[in-house]
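Please look over the following structure before reading on.

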Amino acid sequence: MGVSGGAKKGVSGGAREIDLPRTTDSEDRLRAALLDWYAANKRVLPWRDERDPYAIWVSEIMLQQTRVAAVIPYYERWMALFPDVATLAEAPLEAVLGAWQGLGYYSRARNLHRAARAIAADGGALPADRAAWRALPGVGAYTAGAIASIALGEPVAAVDGNVKRVLARLYAVDADPARVAFRRAIETHADRLAAGVPAVGGAPGDWTQALMELGATVCVARGPRCEQCPVAAWCAALAVGRVDELPRPAARSRVRESRVLALRIARPGLGEGPDGSEHLLVARRPPEGLLGGLWELPLVPWDPGYETGRDEPAAIAHTLLDGLRDGSGAKLAIHEALLLPPVEHVFSHLRLSVEPLAITLAAGRGGCSSRGDRSSSGDHSAADIRPVARYGQLDRDPIVAVLREGGPDAASARRAGLPVAYETWRWVTREELAELATSVLMDKLVRAFEHAARPQDR
Ligand code: SF4
């Protein structure tokens, strides 16, 4: 070990630290050791030697909350579709969300798009320093620091989860990671280390990536490989045998639970042609908030009252769509209702239990049928059902109207992970639905519905 002097407990910025003697000279040697290690050991990644701020921006946004291996194909496809900020700004949001589909946390894609449009509206030049990057939507302190150091050569820090872990161990920062004291202590060390990089002949971008690379490959969360670590000689946690304790585990945030109904409302005879194909009602969420801008089969709150009708899916369907009449005043008949087994989906803060309810409306004379354990027929009287809404007339569609009126209030929508109001509605064929930007949750639900529609596959 190269740690000189005895380790003693101290207090810095409210966080307890092992206060080892450190000099400018010893930190310069630490910087040089890590930069040398990085030059020899860095992984080959598509964005690694990139200096284009736009490309670095895209890669950094994609890497938030997503593993490197998962990001690579998305990054390559994105850069082929939107190679520069002008192309991204011109692209419709639908295409942007489509390219992001499957990566999750869609607000990242929407913010990239908004920021690109703001840059284009301001003349098209990318920001020239960390402060200007920080002012863009979706660009936080970490991302601005990463772009500024890697693309612009500013000796500034970029503190992500990996860097926090490395510095918490290197300086034995003993504080709750959720507390301000922890963040201040880490930022102080990160800023000081980054600022000194040019003095040892290093590139700020290499330093930023070296720290992250150390956290990703050596100073990993569980089982760090201290024997291979280039900065072990300076590591306070290693010196006092506290590597496994630091950083302290973050207090677990409470994950809420919510139960909702997903409605696959199918209407035969709405399409062009002699018989017309089956169409499904889909809705797009507003641009802001959870899954913003994505299309989905409408989600509505689960009402505890449905519990009693659980074996009677048509009763739930009738309750939901009660009193619907078409443009000529005729009652809309429910041909069939089928409640499928629940689909579970977990967001970072929310566990959704989704009850998929398939409702098929009658196309002509309102006959009813029943199929499967959880299906049942309605008791609607036969009615001559004519299409009530064709494309462009959805504002007057009684189904849209009733779902709109029955929408949740703002507080319960937020709790349940639902939009307060959908932005747009459409009747689409199954093929058209496959072309829309949808979430992973919706892909799961569509698969569940498709599977149920093919009983021979079960
Ligand atoms: Fe992390 Fe171990 Fe290196 Fe310390 S010595 S920085 S704990 S890998």
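What is the mean pLDDT of the protein chain? This is a predicted model, and the mean pLDDT of its protein chain is 82, with 81% of the residues reaching 70 or more. The points that follow begin with confidence, then turn to the packing of helices, the surroundings of the ligand and some details of the backbone.

**Confidence along the chain**

- Confidence in the protein chain is highest in helix H4, residues 85-90, where the mean is 97, and lowest in strand S10, residues 375-376, where the mean is 40.
- Over residues 1-13 the pLDDT is below 50, and this stretch has 26 contacts in the model beyond near neighbours in sequence.
- The pLDDT also stays under 50 over residues 364-392, a stretch for which the model has 70 contacts beyond four places in sequence.

**Helix H9 and its packing partners**

- Helix H9, residues 161-170, packs against helix H11, residues 204-217, at an angle of about 85 degrees, and the axes of the two helices are 8 Å apart; an angle between 65 and 115 degrees counts as roughly perpendicular, so H9 is described as roughly perpendicular to H11.
- In this contact, Asn 162, Val 163, Arg 165 and Val 166 of H9 meet Leu 211, Met 212, Leu 214, Gly 215 and Ala 216 of H11, and the residues of the contact divide into 6 nonpolar, 2 polar and 1 charged.
- H9 also packs with helix H10, residues 180-195, at an angle of about 90 degrees and with the axes 10 Å apart, and H9 and H10 are therefore roughly perpendicular to each other as well.
- The contact of H9 with H10 is made by Val 163, Lys 164, Leu 167 and Ala 168 on the H9 side, and by Ile 186, His 189 and Ala 190 on the H10 side; by class, the residues of this contact are 5 nonpolar, 1 polar and 1 charged.

**Around the ligand**

- Of the 14 residues around the ligand, those that come nearest are Arg 169, Cys 219, Cys 226, Cys 229 and Cys 235.
- The elements that give two or more residues to this shell are H9 and helix H12, residues 236-239, and H9 provides the largest share, with 3 residues.
- Sorted by class, the shell around the ligand has 13 nonpolar residues, no polar residues and 1 charged residue.

**Backbone details in the loops**

- Leu 246 and Pro 247 are joined by a cis peptide bond, with omega at about -5 degrees, and Pro 247 has its place in the loop between H12 and strand S3, residues 256-267.
- Tyr 105, although not a glycine, has a positive phi of about 45 degrees, and this residue is found in the loop between helix H5, residues 93-100, and helix H6, residues 107-121.
- Tyr 105 counts as partly exposed because it has 16 C-beta neighbours inside 10 Å.
- Leu 291 is a residue other than glycine whose phi is positive, near 55 degrees, and its place is in the loop between strand S4, residues 279-284, and strand S5, residues 295-296.
- Is Leu 291 buried or exposed? Leu 291 has 26 C-beta neighbours inside 10 Å and therefore counts as buried, given that the cut-off for a buried residue is 20 or more.

Notes
Residues are numbered from 1 along each chain as its sequence is written. This is a predicted model: local features need pLDDT of at least 70, side-chain atom pairs count only at pLDDT 80 or more; totals for chains, interfaces and linings use all residues. Axes are lines fitted to C-alpha atoms, for helices over the stretch in contact, and angles run from 0 to 180 degrees between N-to-C directions. Helices (H or I, at least four residues) and strands (E, at least two) are DSSP runs, numbered from the N terminus. Angles under 35 degrees count as roughly parallel, over 145 as roughly antiparallel, 65 to 115 as roughly perpendicular and the rest as oblique. Two residues are in contact if their C-beta atoms, placed from the backbone, lie within 7 Å. Ala, Val, Leu, Ile, Met, Phe, Trp, Tyr, Cys and Pro count as nonpolar, Asp, Glu, Lys and Arg as charged, and the others, Gly among them, as polar. A residue is near a molecule or strand if its C-beta atom, placed from the backbone, lies within 6 Å of it. pLDDT is the predictor's confidence in each residue, from 0 to 100. A residue is buried if 20 or more other C-beta atoms lie within 10 Å of its own, exposed if 12 or fewer, and partly exposed in between; C-beta atoms are placed from the backbone.
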